[in-house]
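Take a look at the chain shown here. We will walk through it step by step, from the whole fold down to single pairs of rings.

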Amino acid sequence: MTIVLLMAVLAQGLAAQSSATLSGTIRDRSGGAIRDAMITAVNNSDGTRRASRSGESGEYVLPSLTPGGYKVIVRKPGFQTSARVDLVLAAGDNVGVDFPLEIGSVREVVTITSTGDFMRTSDAVTGGILGKRYYDLLPANGRTFTSLLDLVPALTPTPASGGEPGQFSSAGQRPNTNYFTIDGLSANTAVTGGGMPAQFAGASLPAMTAFGSTHNLSSLDAVSEVQVQTSTFAPENGRMPGAQIALTSRSGSNTFHGSVYHVWRHEALGASEWFANAKGLPRPPHRLNETGASLGGPLRKDRTFFFVDAMHLKLAQPYVWRSAVPSIAARQAATGLGRAVLESFPSPNGLSYTGGLADFSAAGSRPSQATTGSLRVDHALTGKINLFGRYNQAPSSSERGYSNREIADFRYRSFTAGVTGVSGPNLSYDLRLNVATASAHGEWTGANPTDARPVLPSAGIQDPDLYGVAVRGAGEIISGRGGSNRQGQLGASASIDAYTDKHRFRLGTEYQRLTPARDARMTSVAVDYGTVPEILAGKQPVSRYAEAEQASSIIETLSLFVQDTWRAHPTTSITYGLRWEITPAPAVRGGSPPAVTVPVAGPTTPIFTVPGPAIPVSSAPLWSTSYGQIAPRFGIAQRIGESTVLRAGWGVFYNLGFSAAADPVNGFPFNRWQFRSGEGVVALATPLNGARLEAALRLPYSHHWNVAIERRLDHGSLLSASYIGSTGHRLLRREGLVQPAGPRAVPAQLAESFTGTNHGVSNYHGLAVHYRRPLSRAVQMIAAYTWSHAIDNGSWDSNVWLVDPLKPSLRDRASSSFDVRHSANAAVTWNAFRNWRLSGVFRTRTGFPLDALSTQIPLGLGYDNAGRPDLIPGRTVWLEDANAPGGRRLNPEAFSARQGLDGALVRNAIRGVGMWQSDLALNREFPLRGSALDVRMDAFNVFNHANFANPVRFLDSPLFGLSNTSQAFMLGSGSARSGLAPAFQTGGPRTLQVTLRLRF
């Protein structure tokens, strides 16, 4: 309530970054300032006009312009009229355009045709803008805006890991620190159907569909542009330290326009994956049918406009997987419950290994679907006040898995409204409001069918909602109800801008209220049967019981900022100011009681975990409210001549999407054992008593800085080179201290519980080169290269680290799990002839690091740094092997597992597998009486280059050192909790796609 009252008192707020500002200087031929010239900007779509006059020094400002194309006209008695046409302004742009006026009659018009992108001359921001033309021309896999984000320098795709969905890292920040907005307000709201809200509760990740795509935020037809900022944002931006991805939705215009389209894929048009060919498996279905339509136009000319769109997508997402399962001989030798356990796994179809395991390869397809619909209405209330409202609804569903299948059903709704206005010649304002709801339901079922219930130990186990059975080296079977969760979001922002000849002052705030909830009490059982030989020997399993009460939380944040953009000189702009972040502790209703370990009778006493007495979580705040979280920012832009701009900036950024805020309604960090796939999360020990947060937990923050130089070349091309650096402080790091031997230590010397701390740190340095050539005559091009190094002591919020007081924690400080030293991406569009157009995107990057470990604990329950082996001196780490994926494998003779906690091999010491891929698109437009039919063919990975995931990293696995799937599945497994959909990722086999679109 306190924060709501404070929001009401401070009725000014955060700039929504959904409008643009045009400024500059009016001068005569001699360079003298021209005062009192009239500058008029006319929107080419809806005809709206915005006018201003130049001041004493010839400077002018046109604020709060709707993004889009403009014609700008400058008039002054005694001078020729100057007009610049085809000026394109993007959301958040603060573009400087100077106008020289020649002496003559005002009736004489000098027309200047805009060519190329305009250089930013008033801030120190690095990043890029992907306008609608890029998505219309380039091969965008899945027709999602995320598919082309790697064309922006300093953005790197990241692997998926357990409950940490793979997305991308910006300038070395963790992948859950990126901030997505639509029309100026947060889209970082999501839930998960896997039993617990996980880190999606809070504001750390964008809402996604059930199969891991961003279609529910907006269909591509409803997006006007995507703006990406990667470093040193002005105080008006930056609630989180990662990239700022701002989507602007399309609006209608004075003319009716729209489209109808259908997109089609079929496995017969593509190539089979390398692993399917190697094992002689049939090609799994790979089918996409996407049908959509959009329409925009006037409801009242020059006053009221609408834009509506709808889309339905059905996807059969293929996968090929190689793993180890219990061998036929082991199944036949087992008896009783042990045999039932082994028979629950798929039958092997390859060579036998030692340890009762055999090779298994599978190919299949995962059905998914999504439907989206949105309506936007814009209204010019007066010549100075504009209103808009947008409603979006997007249900989706998916199925995934092989030996066990997860069925997920998601629902997402959002409504955003805003008003933008100008009060007098020197004052403008912007108000926004957003209400969104997301809900999810998940269920695990057998696909064969396989049900884990018959092989659960009977002692002390009631009827759990969710249950998992694991055999070390063979994987796990998961069954049961995944849970129902939901989250609401209320967001509001406002801004006031005041202008003088040399200053642009901004004052504002943003308020966000999130309400994550688990709708029902959840119980789960995880059973570890040990290795196959242990099962054959009759060893009893170890079981773990967990219970989470029905719970909900209220998470509130308030951001305030003040800033000034000072034009200190006609060639120098300085932006400075600060943000103030207020983050009260989450209010929690209900919560999970701590677990207590008790013995369960049996031939050998296993350890069984049952819930302890309930403790009201709401009585113990997660942290104390801090009023000292102030983040200063500074940037300078110096124009050198007419063609060069030098920029530099520095700033502090707090992470308001801190995922620990959702811990009271979570279980084990993000319930990794429910979400892992394949070789997932690793540990040597299991933390039995769950999670805690240290009493002095504080909000993480980062320092950003950059220096950049940008130069305009021939044909309007822009070339920029940037040095980008950042450091992360007080990052979330979950740690368990080694305990002395005793009756409750399992095994002796390992931690029983873990605590969320602020011991995480990170460091990033990078050189980024960016080239943009606008569509001039026949060729358009964009290219980005980044040379960088990201270092940290933990790359994910869900990592759990075992800490020995006798060893320094900095022993885990090494290259980040998403560190990529070299990354190069380029896109080219060529208007060939007779309405034919050829477009291509080329990507290449070096490999991600690989953290080799001695063993894997099933179900992902445990510590991420326990059990590293020793590296044997003189042994070759990589071996050439013509039969291995990619022609090489890790040498198992180069590693030696050490008895005890840890070997000498440091974290992420081995560099993994790189990739390259080329995508092409060929299309032709056929004119049809005021409309056009666009026929298009896209080829993703046109050369069918096999890109492999990092090899299996567990020394005791029979597949150690061999890649067991494509890189597309390393980047995402196809659920909203485990990365973006593999079918829309780079690293898969060649896929052909046909699109028919009628534009009118």
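Helices and strands here are DSSP runs, numbered from the N terminus; a helix needs at least four residues and a strand at least two. Counted this way, the protein chain has eight helices and 54 strands. Keep in mind that this is a predicted model.

How confident is the prediction? The protein chain averages a pLDDT of 81, and 81% of the residues score at least 70.

Now consider the chain as a whole. Of its 1000 residues, 61% are buried. The protein chain exposes about 35400 Å², and carbon and sulfur atoms supply 58% of that area. Take the contacts between residues at least 6 apart in sequence: 73% of them join residues at least 24 apart.

Next, follow some strands. Strand β19 covers residues 304-326, and strand β20 covers residues 357-380. The two run antiparallel, joined by 23 bridges. In this pairing, V325 stands opposite A358 in β20. On to strand β21, residues 385-393: β20 pairs with β21 in the antiparallel sense over eight bridges. Here A380 stands opposite N386 in β21. With four residues between them, β20 and β21 form a hairpin.

Another place to look is an open sheet of five strands. Its order is β10-β15-β16-β13-β14, and its pairing is mixed. Which strands lie at the edges? They are β10 (126-131) and β14 (185-186), and each pairs on one side only. Inside the sheet, β13 and β16 pair in the parallel sense over four bridges. F180 stands opposite I245 in β16. In a regular strand the side chains alternate between the two faces of the sheet.

Zoom in on L148. Leaving out residues up to four places away in sequence, L148 touches L130, Y134, Y135, L138, P139, A140, V841 and R843.

Finally, turn to the rings. F145, F168 and F180 form one aromatic cluster. In total there are 13 aromatic pairs. Why is the pair of F895 and F960 called edge-to-face? Their ring centres are 5.6 Å apart and their planes meet at 85°, so the pair is edge-to-face; the cut-off for that label is over 60 degrees. This pair links distant parts of the chain: F895 is in strand β50, and F960 is in the loop between β53 and α8, 65 residues apart. Both F895 and F960 are buried.

Compare W916 and F943. Their pair is tilted, at 6.5 Å centre to centre and 50° between the planes. W916 is in strand β52, while F943 is in the loop between β53 and α8, 27 residues apart. Are these two residues buried or exposed? W916 is partly exposed, with a relative accessible area of 31%. F943 is exposed, at 58%.

Technical notes:
Residues numbered from 1 in each chain as written. Predicted model: local features only at pLDDT ≥ 70, side-chain atom pairs only at ≥ 80, totals over all residues. Heavy atoms only, no water. pLDDT = per-residue confidence, 0-100. Pairing = 2+ DSSP bridges. Contact = heavy atoms within 4.5 Å. Buried < 20%, exposed > 50% of the residue type's maximum accessible area, 1.4 Å probe, protein only. Areas by Shrake-Rupley, 256 points an atom, 1.4 Å probe, with all protein chains shown as cover. Phe/Tyr/Trp six-rings, centres within 6.5 Å; stacked < 30°, edge-to-face > 60°.
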